[in-house]
Amino acid sequence: MNASAKPADRFLIAFSVRKICLTILLLTFVISFDALAQETKRKISGVVKDATGEKLPGVNIVVKNTSIGVFSDKTGSFSIEVPPQATHLVFSFIGFLTQEVPIPASDDLQVVMEEDAKQLDEIVITVGSRTSQRTITDTPLPIDNLSIKELNSTGQISFDKALQYRVPSFNTVNTPVNDATSLLDPYEIRNMGPSRTLILINGKRKNLSSLVYTQTSPGRGETGADLSAIPTSAIKRVEILRDGASAQYGSDAIAGVMNVILKDRYEATELSVTSGVTTRGDGANYGLNFNSGANFGDKGFINYNISFLHQNRTNRSGKIDLAGEASPVVGFGDGTEATTQNIANFLARYPDAKNINGQPDNTAAKFLINTGIPITDNIELYANAAYVYRKSLSFANYRTPYWKQDFGLLHAAGTEYIGYHPTFEGDLNDYNGTLGVKGKTESGWSHDVSLTVGGNKMLFTVNNTVNQSLGANSPISFKPGGFGFNHIVGNADFSKEITERFYVALGSEFRSENYQLIAGDTASYSGEGANSFPGFSSRNAIKANRSNIGFYADATWDITDKFLISGTARTERYSDFGNAFVWKASSRYKLFDDKLTIRGSYSTGFRAPTLHQINLQLNQASFEGGDIVIKGLANNLSREAAILGVPKLKAETSKNYTVGIGINPVSNFSMSVDYYDIDIRNRIVYSATISKGTNDALDALLASANSTGISFFVNGVHTRTKGIDIVASYRNLAITSGLKANINLAGNNTLQNKLIGDVNTPQPIAAAGGKIFTKTEEALMLTSRPKYKYILGLDLVTNKFSVNINNTLFGPTRFSNADLFDKDALRVQFTPNVLTDIGVTYAFTDKISLSITAQNIFDVYPKWKLVALNSNGQATLNDADALRLQKNALTFNGRYGITTYDGSQFNQLGTNFTSQLLFKL
């Protein structure tokens, strides 16, 4: 210390020195105490996975008997400090068994959580009731709940095809050379047609496609939402209500409701690369899927998905039959030896006549976003939007040189003419979006108000063909037009728990729809029109609009913990055809400590005729016999329909009842059996063509309408469908240490699908002896889907590997093909077959996994035979020449080597290998 310093300064200096020493002493004490604490506490780090090696984010990890806890992060990793007296960590996560894990001697812990089958059954289901949401075990209705893992395990590259191999009552299949269906394959549940299943995205109505299936294929005369537009990689799960639900959701829900739940809370960024090819070396596909997002706060999220896919064509053409091809009856011969020899020479060079039948070329880009933004603790703003662009390239039947001429337009002068191959190209745009707000008031009312928009547009191009009527003046490329559809939907839903056992809901939906038929260029429809696909005439171009508003009220009463009853009523008002009122009642009772559930429902339903069916017109005017005559499809508002006595369309009405049982004797085993009966009156059909030449009375009626052949939509038939659904599963069956198995059985059996009473033929047509509903229409409506389908699956799971084996039994289908002679005497029957798929997934690391699937590993193809319905049919089967002509007719002289023109019960690709390499970033 400085001796010359003043006393006050010496005091300050001494105080400062003591302050510094005290500070150093205090720091030393803190550091020592912290070190001691570190010695008495341990940091345990690790990773949480499921049995397949998939990392689990959001798992709750708690030190037993304390409040110390953390959550695993998006990579499944965690780090937690444990006090010296702690002995166990408790791991809990929805859908998995809660586990107490001893704290290890090391500081690293790897935990594998086991699925809890009972808890998985208790996922809250959003479809089926507008009041309180229920679990699968609580609901009085049969509901399937499919996870994204179950869809991905099929190896199918599109959502609709994945459903084909997971849901027994769901059916869809490619049909060869069916023009616009190359953009959208018809699908259906319970053999009800595509327009009787309502599709929802996060509980909101998905827009319909603009396409009506007018070919002689399953789904004829109907339309549906484009399921293939939904990217599988954006789906969290799918709920399928297998019961009539018009009272809850309005039109189109006669067969059931499919609710697609999108991914929400962000878990991990995923990038997957997919590829595949058939064993014949065609149909190669390759794609890229990217899914990512972010979370904010406890509830906020944004999740987005980008998908690209290209799929090459396949070819399953047959060998052309010379006798049939040269026959003047079913082929292109004229009975002369010279023509027959000319055909034989061409087929010697090209046995398949250069035909291409099978899956078309497809390229698709899909974009989707889903978000939820908390506004307050009780109010959330939510939105989702999707856009899909798809381009398809398919082929019509090859035009051989003895069939059609090209007038020198499609081959160079001086070169040999060997025919031409028309292409059919489609451009599809599909979009949908929803913006809404939901929450709960202080008085307990839950509210959900939203606005949904959606649309679908298809434009067609026909190349490498000519308009025969224009001869050498014809173009070789045509724009035949297309279709458009869009809707705007407003929803307001309110619900409240009045008491602990009584719930009510009420709400309203407003919908505005627009439909458009877009005319083609003049050359595409002049005269015969573009060869292979004539364009849409400007006289048929139309824009149509309608609106409707509906109101519903719903109540559910848990009379006891075991006994529930529920009822719903709905009224709708449509601007174009009037009112509809429907209702539903359902109940459920639990027995034997909830191990047995008895359930049932009865409902009335309706399906409004679509704007497509009301307004679609494909009439063509042609010059015949010195006069202009009309032929084709006439809508119900046309002059031709009025003359033929065709009334305006009205809504289909239905009565639907279901009764079933659910069994859960042990936690890992469950089984349900449900019987259904669906009665539909005034069912809308696309009629057979009323053609000139049947009899004098019908010819006179057609002459009064200036037509030589016409068809239309009409409320033509009354049908009744009965069947049984069976679903059973046994999970977590221990095979060896570290190896577990899941066994699943699901099946659908159509017990009855038939017409009731007489066909409702318009009186003038009936009086003239015309038929609007032939054996072809009947078969396409009632027997073109499998009579039964069963799926038996086995999943084997270890730490690194998972193996999935599925056997799908497709029951028989029956057709009365449009080109089959004497349809009243013969039918085509596809025989039952089993397709086996095997998938293997291996996790290289926590972030990289590879999945390989062999679909239809035994290379099974559809097989069909002709069946006699009466003595005339049996005579044909006994006559070799007649039988060959029959087979040639329904396969277009052998051009369809594997399936018939009208389709089959599964696809014609044979064995197909697909792979997916998944990266978690």
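**Entry 1: helices on a sheet**

I began with helix α14, residues 871–878, which lies across β41 and β44 and runs at about 130° to β44. The model I am reading is a predicted one. Helix α15, residues 880–890, also packs on the sheet, where I found it touching β41 and β44, with a direction that makes about 125° with that of β44.

I then looked up the sheet itself, which is open, has three strands in the order β40-β41-β44, and is paired in the antiparallel sense. Because β40 (813–815) and β44 (864–868) stand at the edges with a single partner strand each, one side of each is left without a neighbour in the sheet. On average, and with direction ignored, neighbouring strands of this sheet are turned by 30° against each other.

For the pairing of β40 with β41, residues 826–830, I noted three bridges in the antiparallel sense. Which residue of β41 is the bridge partner of F815? I found V828 in that place.

**Entry 2: a sheet of four strands**

Next I turned to an open sheet of four strands, ordered β3-β2-β5-β6, whose pairing is antiparallel. Here β3 (69–71) and β6 (99–102) are the edge strands, each with a single partner, so one side of each has no neighbour in the sheet.

Is N748 buried or exposed? N748, which lies in strand β37 (residues 739–755), counts as buried because its relative accessibility is 3%, and the cut-off for buried is under 20%.

I looked up the polar contacts of the N748 side chain and found one of 2.7 Å to the side chain of D725 and one of 3.0 Å to the side chain of Y676. Not counting residues up to four places away in sequence, N748 also touches other residues, among them P168, S169, I724 and K787.

L733, in strand β36 (residues 713–736), has a relative accessibility of 31% and therefore counts as partly exposed. Leaving aside neighbours within four places in sequence, I found L733 in contact with L739, K740, A741 and I743. I also compared L733 with Y398, and the two are 335 residues apart in sequence and 55 Å apart in space, C-alpha to C-alpha.

The largest core has 30 residues, of which L211, M458, F460, F483, L616 and F713 touch the most other members. The elements that give two or more residues to this core include β22 (423–440), β23 (445–463), β24 (477–497) and α9 (611–615).

What does L616 touch, not counting residues up to four places away in sequence? I listed V212, T214, F483, Y515, L517, L611, L633, A634, N635 and F713.

How values were computed. Residues numbered from 1 in each chain as written. Predicted model: local features only at pLDDT ≥ 70, side-chain atom pairs only at ≥ 80, totals over all residues. Heavy atoms only, no water. Pairing = 2+ DSSP bridges. Axes fitted to C-alpha atoms, helices over the stretch in contact; angles between N-to-C directions. Contact = heavy atoms within 4.5 Å. Buried < 20%, exposed > 50% of the residue type's maximum accessible area, 1.4 Å probe, protein only. Polar contact = N/O pair within 3.5 Å; in protein donor to acceptor, adjacent residues only side chain to side chain. Core = buried A, V, L, I, M, F, W, Y, C linked by side-chain atoms within 4.5 Å.
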